[in-house]
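Q: I have a structure open and want to go through its local geometry and packing. Can you take my questions as they come?

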Amino acid sequence: MSLPTQQASIAWTYYSNNNTLDLVFFGTFISPSGWVAWGINPTSPEMTGTRALVAFPDPNTGQLVLLPYILDPTVKLQRTPLLSRPLDISLVTSSATLYGGRMATVHNGAAVQIYATLKLGENKTKLHNVWNRGLYVQGYSPTIHPTTINDLSSITTVDFLSGFVAAGPRNIKTLKYVHGVLNAISWGILLPIGAVTARYIRHVEFLGPTWFYAHAGIQLSAFFLGTIGFAIGIRLGKMSPGVVYGLHRKLGITAFCLGSLQTLALLFRPKTTNKFRRYWKSYHHFVGYACVVLGIVNVFQGFEVMGEGRSYAKLAYCLSLSTLIGVCAALEVNSWVIFCRKAKEEKMRREGLIGGSEKSSGNHS
């Protein structure tokens, strides 16, 4: 049976007369000095708590070895090296071989089979399978594996009696893509467009207050979509208790809090004649631009978290953002040209070189 990630697969035979499971895991190395692991988590579908069998080349002889490890919480925090120790599950036998026989050597892409025979409890045929692979082994301690979306989704629950496979990891992967698309559109595109509308379109006099309604509509739409994306992110965190994206999470929470403050600020927006109006405007501008910057930075961080750092999706986003930046640059130049022209006309008017005066219409802000 093919597993969801890393082109891995498993095959098994379950003997119901004595509750014995014969299983073989098929994986591949990603480095000549790397490791490949398969294990069982007795309690939950996550890395922490997994009882694993790890195959890697012996640092002294170069021969393939298979050692047992227990992935306790200190492993996730990387506070101590991962040390081999006996498993506290009913593992009868275990072994590992390289594809190609005894003369085969470990190299990038080398295929390995991990064999295990387990004694299961009565009516305990549903097991959480966890597998992964890494680049290096320090002594006999495997180092941390890559943290792309595929590597962090290498978990599935199988009922070895019926063959039923739980759909959890696939659902998580789908939610991650929905989370990424919503946040890229809201925080990464709509929010900057709303800021551009407020900065440049407000000076187009014949539009009147239309710019304000456009600005508010775009920003509220962005915040609505961003809130959905943020909620999905919180849900993903609860569904993946062994996975932590510290920087991405902190940036997301900060951006959401700033966006919430901006939305609430609309309720306390002073009138143009109020003496506190200028303080409100300063606050509104500072928090708004900070939210835009954090949103864009976190979109790029999200691409890295999902392992899409070199994807066409990131390229498309970069092109969209570059186009928006180009439009901003053109509008900024145009604004300065208009400003300088008006300043020159005002100076000539004061000096009496030209007559008449033009009253500009009031602006919302």
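This is a predicted model: local features need pLDDT of at least 70, side-chain atom pairs count only at pLDDT 80 or more; totals for chains, interfaces and linings use all residues.

Q: Fine. Is Q7 buried or exposed, then?
A: Q7 has a relative accessibility of 77%, so Q7 counts as exposed.

Q: Where is Q7?
A: Q7 sits in the segment before β1.

Q: What is phi of Q7?
A: Phi of Q7 is near 55°, which is a positive value in a residue other than glycine. For context, most residues other than glycine have a negative phi.

Q: And what about phi of Q6?
A: Phi of Q6 is positive as well, near 60°, and Q6 is not a glycine. Q6 also lies in the segment before β1, the strand that covers 9-15.

Q: Is Q6 buried or exposed?
A: Q6 is buried, because its relative accessibility is 10%.

Q: Changing topic to aromatics. How many aromatic pairs are there?
A: The count comes to 10 aromatic pairs. In one of them, the ring centres of W12 and F160 are 4.9 Å apart and the planes are at 85°, so this pair is edge-to-face.

Q: Where do W12 and F160 sit in the chain?
A: W12 is in strand β1, while F160 is in the loop between β11 (155-159) and α2 (168-200). The two are 148 residues apart, and the pair links distant parts of the chain.

Q: Are those two buried or exposed?
A: F160 is buried, with a relative accessibility of 2%. W12 is partly exposed, because its relative accessible area is 24%.

Q: What sort of pair do F223 and F256 form?
A: F223 and F256 are stacked, with 5.7 Å from centre to centre and 15° between the planes. F223 belongs to helix α3 and F256 to helix α4, so the pair ties together parts that are 33 residues apart in sequence.

Q: How accessible are F223 and F256?
A: F223 counts as buried at 17% relative accessibility. F256 is buried too, with a relative accessible area of 18%.

Q: Which residues do ring pairs link into a cluster?
A: W211, F212 and Y213 are linked into a cluster by ring pairs.

Q: Moving on to the largest nonpolar core. How many residues are in it, and which touch the most other members?
A: The largest nonpolar core has 28 residues, and L21, F25 and W38 touch the most other members.

Q: Which strands supply at least two residues each?
A: At least two residues of this core come from each of β1, β2 (20-28), β3 (35-41), β4 (51-57), β5 (64-70), β7 (111-119) and β8 (126-134). β7 gives the most, with four residues.

Q: Now the helices. How do α4 and α5 pack?
A: Helix α4 (residues 246-265) and helix α5 (residues 277-305) pack at an angle of about 150°, and their axes are 8 Å apart. Angles over 145 degrees count as roughly antiparallel, so α4 is roughly antiparallel to α5.

Q: What is the handedness of the crossing, and what residues make up the contact?
A: The crossing of α4 past α5 is left-handed. The residues of the contact divide into 14 nonpolar and 10 polar, with no charged residues.

Q: And α5 with α6?
A: α5 packs with helix α6 (residues 312-350) at an angle of about 165°, with the axes 11 Å apart. These two helices are therefore roughly antiparallel to each other. α5 passes α6 in a left-handed crossing.

Q: Last topic, a couple of sites in α3. Where does A214 fall, and how accessible is A214?
A: A214 is in helix α3, which spans residues 210-239. A214 counts as partly exposed, because its relative accessibility is 33%.

Q: How far is A214 from T197?
A: The two are 7.4 Å apart in space, C-alpha to C-alpha, and 17 residues apart in sequence.

Q: Is G229 buried or exposed?
A: G229 is buried, since its relative accessible area is 0%. G229 is also found in helix α3. From G229 to L175 the C-alpha to C-alpha distance is 9.5 Å, at a sequence separation of 54 residues.

Methods: Residues are numbered from 1 along each chain as its sequence is written. Side-chain values use heavy atoms; hydrogens and water are left out. Axes are lines fitted to C-alpha atoms, for helices over the stretch in contact, and angles run from 0 to 180 degrees between N-to-C directions. Angles under 35 degrees count as roughly parallel, over 145 as roughly antiparallel, 65 to 115 as roughly perpendicular and the rest as oblique. A crossing is left-handed if the near helix is turned anticlockwise from the far one by less than a right angle, and right-handed if clockwise. Ala, Val, Leu, Ile, Met, Phe, Trp, Tyr, Cys and Pro count as nonpolar, Asp, Glu, Lys and Arg as charged, and the others, Gly among them, as polar. Buried means under 20% relative accessible area, exposed over 50%, partly exposed in between (1.4 Å probe, protein chains only). Rings of Phe, Tyr and Trp (its six-membered ring) pair if their centres lie within 6.5 Å; planes under 30 degrees apart count as stacked, over 60 as edge-to-face and the rest as tilted. A nonpolar core is a set of buried Ala, Val, Leu, Ile, Met, Phe, Trp, Tyr and Cys residues joined through side-chain atoms within 4.5 Å.
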